[in-house]
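Here's a quick briefing for anyone opening this structure for the first time. Have a look at the chains, then read on.

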Amino acid sequence: MKATVESKTFNDFSKNQHQEMSSTDVIHILDNIINEYSGTEGALIPVLQSAQNMLGYLPKYVMIHISERLGIPYSEVTGVVSFYSYFSTIPRGRHVIRVCLGTACYVRGGKEVLEALEKELSIRVGETTEDRQFSLEIGRCFGACGLAPVVMVGDDVHQRVKPAKIKELLKQYEGAGNE
Amino acid sequence: MPEIIMNGMKLNPADNTTILDAARAAGIKIPTLCFLEGKTPLGACRVCIVEIEGSQALSASCCTPVRQGMVIHTNSLRVRNARRMIVELLLSEHEGDCQYCDRSEDCELKKLANELGIRAPKYTGEKTGSKIDDTTPAIIRDSGKCIKCRRCVTVCNAVQNVGAIFPQGRGFETTISPAFAAGLDSVACVQCGQCTAVCPVGAIIERDHTKGVWAALDDPKKHVVVQTAPAIRASLGEAFDLPPGTLVTGRMVTALRHMGFDAIFDTNFTADLTIIEEGNELLKRLKTVLVDGGEAALPQFTSCSPGWIKFAEYFYPEFLPNISTCKSPQQMFGALAKTYYAEKKGINPEDVIVVSVMPCTAKKYECQREEMYDSGYQDVDYVLTTRELGRMIKQAGLNFIELPESEMDAPLGMSSGAADIFANTGGVMEAALRTVYEVVTGRPLPMENLHVTPLTTLEGVKTASLKIEGAVPDWSFLEGVEVRVAVAHGLDNASRLLETIKDGKENFHFVEVMTCPGGCIGGGGQPRYTTDEIRKARIEAIFKEDEGKALRKSHDNPAIIQIYEEFLGQPLGEKSHHLLHTCYQKREKVLQ
Ligand code: SF4
Ligand code: SF4
Ligand code: SF4
Ligand code: FES
């Protein structure tokens with residue numbers, strides 16, 4: 001059962017782009033962004049945000065480049081990145097699985113679903129499988145409480161998910177391209 | 001001038017002072033942990049809290065300015081209880097056993113807990129866990145002991161402009177560390193050890209070399225020689241509670257003899273040698289540019305401070321050709337001890353162990369650089385900080401204060417006053433001018449007591465100029481030239497100076513850079529805690545040592561004349577080139 005919610009988020013959209021973007025391209029775009037901020041105080045956070053929006057995460061070479069160009073020590077850049085949970089330094093998998101743990105989903109077995117996913121994928125929340133196929137995250141309420149527990153895979157909403165059906169659910173995505 | 005009442009006393013502190021400053025000026029002690037002299041207070045630790053009448057909460061005195069009419073209690077029962085609770089909370093997260101700790105002797109947290117009468121753990125909270133970072137040659141970090149006061153962050157960023165450490169993460173998980181809590185080797189740390197000099201606890205310390213030195217001293221096959229840096233004689237006394245600025249040269253030599261060193265030598269000797277080599281290098285560069293119309297990088301920068309070298313390799317690689325190729329005095333000494341001295345003594349250099357006593361942690365890093373094996377062996381084997389030597393003297397069971405004085409050994413223990421002042425900011429420059437001016441004009445430096453007074457202050461960047469008049473025929477091309485020099489200490493000051501040179505705003509012929517504030521007397525390996533007042537006392541002591549010497553100029557040192565005759569030949573000659581000079585390499589700031 002598939003239901004598409006809204007449009008693609010900007011993040012997912014640009015993540016797709018990233019897969020074709022070379023690091024030279026990334027640096028080029030980044031430099032343009034940094035130039036816009038040149039001379040302004042407090043440029044670090046907006047520049048990091050733009051970089052993350054573009055790539056979905058902050059790779060090391062991007063943080064080093066930002067540190068160099070803004071003249072801010074690398075340790076300070078990573079200090080800021082690690083302070084805000086908004087920033088991520090880990091590339092996410094092809095499919096991002098979000099398990100809702102809102103009240104309704106939680107009560108109706110969301111936690112068990114999450115545990116089953118962790119077990120099946122051999123990763124923990126916030127991690128990505130070694131083959132970079134799946135990332136596992138906890139989601140905010142998706143507004144489908146009537147059909148809890150809800151799991152989103154990319155933009156697909158799966159409702160009334162049962163721990164026993166996890167394997168089957170994942171099968172649809174294994175080896176599949178970016179939806 | 002506002003009028004305030006502190007602990008019942010009427011005080012008139014100056015405008016814009018903080019409560020802490022006002023208290024200190026009045027002889028009232030308020031404990032502090034995160035506060036750092038001369039730097040913007042963070043207000044992070046809150047042990048400096050005081051009670052201000054009419055205000056509900058207690059205030060952090062380090063960042064609260066005095067206001068007219070304030071009635072302040074710095075030590076009421078309420079203050080003491082709150083302060084005790086803060087320290088008890090710090091201790092509940094603290095992972096360390098004082099009796100095994102490097103800082104057991106001078107730990108500020110331990111002292112504070114003791115003074116506040118804390119006798120048992122009050123809170124048993126979750127500890128952050130201890131992670132040891134021993135990835136660099138000079139500095140060891142133990143995250144379990146860190147109380148997150150951030151003094152090291154302030155020093156590394158604001159004083160040294162390096163920025164190797166910064167808070168990482170958030171909340172309870174925060175660590176004060178290099179990027180992503182990795183090792184110091186993953187970022188651009190210059191190993192200066194200023195963090196170890198300001199850390200109130202045992203969370204950042206120098207790598208221990210005392211055990212290696214004791215083992216060498218115990219080995220009958222080894223011929224163990226020691227060199228002491230100029231700055232040690234003016235600060236070692238503080239390890240034995242002598243007042244800052246007490247000269248202890250003679251007692252230090254006696255102590256080293258008791259400890260079993262086979263020969264007691266002086267880094268001063270190679271400081272004099274540095275002046276000859278570096279002075280000639282400067283004159284050669286000037287001649288190349290002014291006479292031969294060739295190219296040579298000017299200004300020439302001094303090279304004795306290994307933290308500065310590493311800093312330039314990371315942050316200013318464009319200036320590497322400007323840095324004198326002279327090794328630091330420590331490394332010149334090591335290379336000569338295992339060649340010239342070993343030969344003279346008929347000892348197999350393999351059996352010679354060279355120990356340095358340095359005010360510096362970066363020297364621990366420097367001695368293991370790949371360029372520092374020119375004798376065929378590691379030129380310098382062990383580097384002790386002033387603090388480590390102090391500890392070893394105690395371990396040797398010596399009553400340092402009561403020791404008689406004795407003299408260093410010849411020939412590598414002989415030096416001029418010019419070598420002593422290498423310890424002070426501006427000192428290398430003054431020593432160089434004493435020699436260069438005299439070589440060029442045949443007359444002594446025309447300054448009172450041979451001191452270049454504008455360069456001796458604690459000002460961050462200092463400049464001076466000197467017109468050459470009456471040059472001798474060999475150097476006639478310098479006639480009428482205004483020699484411009486600059487001096488910077490502390491790498492943030494150095495960066496400012498480098499930027500003005502880079503922008504072409506200023507031009508100099510010769511520039512001295514010292515990594516540490518005040519020069520070596522304020523080094524990262526010196527007894528804690530070094531304030532400006534203590535810097536001044538040490539600087540004065542060094543000038544006293546210099547002025548007390550029969551010889552004040554490096555080129556007058558007979559042992560230097562002798563080593564050129566017997567061994568080195570010419571300054572900048574073949575042997576010098578091989579043993580006394582080096583090269584530098586551009587470095588990536590972040591380990592990929
Ligand atoms: S840091 Fe201080 S309090 Fe902690 S173990 Fe060391 S001496 Fe004790
Ligand atoms: S040794 Fe110097 S550069 Fe390295 S972390 Fe400490 S203060 Fe910073
Ligand atoms: S390492 Fe030392 S100076 Fe740095 S934050 Fe921790 S306790 Fe403070
Ligand atoms: S010393 Fe005032 S808050 Fe730390």
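In E7(B), B:Asp142 is the bridge partner of B:Ile132. This is a predicted model, in which local features need pLDDT of at least 70, side-chain atom pairs count only at pLDDT 80 or more, and totals for chains, interfaces and linings use all residues. Residues are numbered from 1 along each chain as its sequence is written, chains are lettered from A and ligands numbered from 1 in the order in which they are written, and side-chain values use heavy atoms, with hydrogens and water left out.

- E6(B) pairs with strand E7 (residues 139-142) of chain B in the antiparallel sense, over two bridges; strands count as paired if DSSP finds at least two bridges between them.
- Helices (H or I, at least four residues) and strands (E, at least two) are DSSP runs, numbered from the N terminus.
- The open sheet has three strands in the order E6-E7-E10 (chain B), with antiparallel pairing.
- Strands E6 (132-133) and E10 (204-206) of chain B are at the edges with a single partner strand each, so one side of each has no neighbour in the sheet.

**Around ligand 2**

- Residues near ligand 2 (a heavy atom within 4 Å of it) include B:Ile139, B:Cys156, B:Cys189, B:Cys192 and B:Cys195.
- The shell around ligand 2 splits into 10 nonpolar, two polar and no charged residues. Here Ala, Val, Leu, Ile, Met, Phe, Trp, Tyr, Cys and Pro count as nonpolar, Asp, Glu, Lys and Arg as charged, and the others, Gly among them, as polar.

**Where chains A and B meet**

- 15 residues of chain A are in contact (heavy atoms within 4.5 Å) with 18 residues of chain B.
- The two chains bury about 1,300 Å² between them, 59% of it on carbon and sulfur atoms; buried area is the accessible area (1.4 Å probe) that two parts lose on being put together, summed over both.
- On the chain A side, A:Tyr74, A:Ser75 and A:Phe83 lose the most area to chain B, together 33% of what that side buries.

**Salt bridges**

- Chain A and chain B share one salt bridge, meaning a side-chain nitrogen of Lys or Arg within 4 Å of a carboxyl oxygen of Asp or Glu.
- A:Glu68 and B:Lys589 meet through their side chains in a salt bridge (2.5 Å, N to O).
- Over all chains, the whole structure has 44 salt bridges.
- Another pairs the side chains of B:Glu108 and B:Arg151 (2.9 Å, N to O).
- B:Glu108 lies in helix H3 (residues 108-115) of chain B and B:Arg151 in helix H4 (residues 151-159) of chain B, so this pair ties together parts 43 residues apart in sequence.
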